[in-house]
Amino acid sequence: AVGINAEYGDYCFSSPECMTIDERFDLEAKRKLWKLIAADMETQKDDPLLFPGKASDELLEKFPPTIIREVEFDMFITEATRLANRLRRAGRLLELIVIPGIPHTGTLHIDLKASKMDLNAFKTAINEYLI
């Protein structure tokens, strides 16, 4: 499995005061999106199918081998790092790739060195683990 700039838990529903500026970015839109995705947010708030970061350790051990790719100043970096640590302890993390120095959409700017670094890291991970 490959996770790319993804939200893995319900961190966006926590207190904004403990979030970085990047994590607070577009917070209300993220909350609304999750409420649209869930059939019933109140009953599904602990469902690992909706929020993989809430999976039990036993369920994480059954996850496929996983690569998580993030950027340093992404709004989802906290959740991605937490899930990567849990997957590593469960023996399911292949790689945690963090591209330094750029925000959420930074790799879309193909003229940046970081964008090229991201593409090369992603190609290497795919070739190493999935092909």
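1. Basis. Residues are numbered from 1 along each chain as its sequence is written, and side-chain values use heavy atoms, with hydrogens and water left out. As the model is predicted, local features need pLDDT of at least 70 and side-chain atom pairs count only at pLDDT 80 or more, while totals for chains, interfaces and linings use all residues.

2. Architecture. The chain has 6 helices and 3 strands, where helices (H or I, at least four residues) and strands (E, at least two) are DSSP runs numbered from the N terminus. The elements follow the order β-α-α-α-α-β-α-β-α from the N terminus on.

3. Helix α5. Residues 77-89 form this helix of 13 residues, which reaches 18 Å from first to last C-alpha, close to the expected 18 Å (1.5 Å times one less than the number of residues). Just after α5, Gly91 adopts a positive phi of about 75°.

4. Strands β2 and β3 pair in the parallel sense over 7 bridges; pairing requires at least two DSSP bridges between the strands. The chain passes from β2 through α5 to β3 in a right-handed β-α-β crossover, that is, the path from first strand over helix to second runs clockwise with the strands pointing away from the viewer.
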